[in-house]
Amino acid sequence: MSFRGFRRFLALLVCCLPIIAGCGYRFAGTAGNRIATDQSVWVAFIVNETISPTAQTVIRRALYEECHAMRGLYPADKEATAELRVRGKLTSYALKAISYTALDQAKEYRLLISVDLELHRKGETAPVWKGTVQASQDFPASTDLALQHNAEEAALKAASQTLARKFLVSVEQAY
């Protein structure tokens, strides 16, 4: 390589360095944010500030199931022995018609849930993660009330599983 070729290469490198350095790539989290497998977890009863009589139970179950499925965590016998503790408050449970028939009757609904969650490690008072997680699920409308109720319950279960996955991902991506 000649001196002139080397200067061109060096100039190109100097021009590209700020672009490469500021590209926005970074690590998704720290080792402290990773949830190690084979830990015990306690999900406290979810406080329910909504009109749904069952949502908090479905969400709590989904949190246990997703913690086990995604991270290999197992339920603790009691809160005092748990290595991880999850606390939450269901702040929103809403049904909204999203499509209609030609006769202007609801054809499809969307269930939206929002939960304030916290994750604590054993022996620590400050939460490892704290935030609001939201999820939604669409389901068909029905004129039969029993079918309508079953569809809403299935949508709640699906939205709760999505919410639990979002929670775990958010914990590990927190800085």
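## Basis of the model

The structure is a predicted model, in which local features need pLDDT of at least 70 and side-chain atom pairs count only at pLDDT 80 or more, while totals for chains, interfaces and linings use all residues. Residues are numbered from 1 along each chain as its sequence is written, and side-chain values use heavy atoms, with hydrogens and water left out.

## Overall fold

The protein contains 3 helices and 6 strands. Here helices (H or I, at least four residues) and strands (E, at least two) are DSSP runs, numbered from the N terminus. Along the sequence, these elements follow the pattern α-β-β-α-β-β-β-β-α.

Of the 175 residues in the protein, 33% are buried. Buried means under 20% relative accessible area, exposed means over 50%, and partly exposed lies in between, with a 1.4 Å probe and protein chains only. A contact means heavy atoms within 4.5 Å. Among the contacts with a separation of 6 or more, 68% are between residues 24 or more positions apart.

## Pairing of the strands

Two strands pair if DSSP finds at least two bridges between them. Strands β1 (40-43) and β4 (84-100) run parallel and are joined by 3 bridges. In this pairing, Trp42 has Arg85 in β4 as its bridge partner. Strand β2 (47-48) also pairs with β4 in the parallel sense, over 2 bridges, and Asn48 stands opposite Leu90 in β4.

Strand β4 is joined to β5 (106-121) by 15 bridges, and these two strands run antiparallel. Arg87 has Glu118 in β5 as its bridge partner, and Ala94 has Leu112 in β5. Strand β5 is in turn joined to β6 (residues 129-140) by 12 bridges, again in an antiparallel arrangement. Here the bridge partner of Arg110 is Asp138 in β6.

## Helix α2 and its surroundings

Helix α2 has 17 residues and reaches 23 Å from its first C-alpha to its last, close to the 24 Å expected at 1.5 Å a residue. The expected span is 1.5 Å times one less than the number of residues in the helix. After α2 comes Gly72, which has a positive phi near 70°.

The buried residues of α2 include Val58, Ile59, Leu63, Tyr64 and Cys67. The buried residues of this helix pack against β1, β2, β3 (74-75), β4, β5 and α3.

Glu66 lies in helix α2. This residue counts as buried because its relative accessibility is 9%. Leaving aside residues up to four places away in sequence, Glu66 touches Arg71, Gln161, Ala164, Arg165 and Leu168. Glu66 and Ala164 are 98 residues apart in sequence, yet their C-alpha atoms are 6.2 Å apart in space.

## The largest cavity

A search of the whole structure finds 1 cavity of 30 Å³ or more. On a 1 Å grid over the protein atoms alone, a cavity is a set of points where a 1.4 Å probe fits but cannot get out, and lining residues have an atom within 4 Å of a point. The largest cavity has a volume of about 40 Å³; a volume is the space filled by probe spheres set on the points, which are joined across faces, edges and corners.

The lining of the largest cavity consists of Val58, Arg61, Ala62, Glu65, Lys157, Ser160 and Gln161. The elements that give two or more residues to this lining are α2 (55-71) and α3 (145-173), and the largest share, 4 residues, comes from α2. By type, the lining residues divide into 2 nonpolar, 2 polar and 3 charged. In this division, Ala, Val, Leu, Ile, Met, Phe, Trp, Tyr, Cys and Pro count as nonpolar, Asp, Glu, Lys and Arg as charged, and the others, Gly among them, as polar.

## Two loop residues with positive phi

Asp38 is found in the loop between α1 (3-21) and β1. Although Asp38 is not a glycine, its phi is positive, at about 60°. Asp38 counts as exposed because its relative accessibility is 58%.

Asp104 lies in the loop between β4 and β5. These strands form a hairpin with 5 residues between them, in which Asp104 takes a positive phi near 65°. Asp104 counts as exposed because its relative accessibility is 60%.

Definitions and conventions
1 Å grid on protein atoms, 1.4 Å probe; cavity = no way out; pocket = protein on both sides within 12 Å on 5 of 7 lines; lining within 4 Å.
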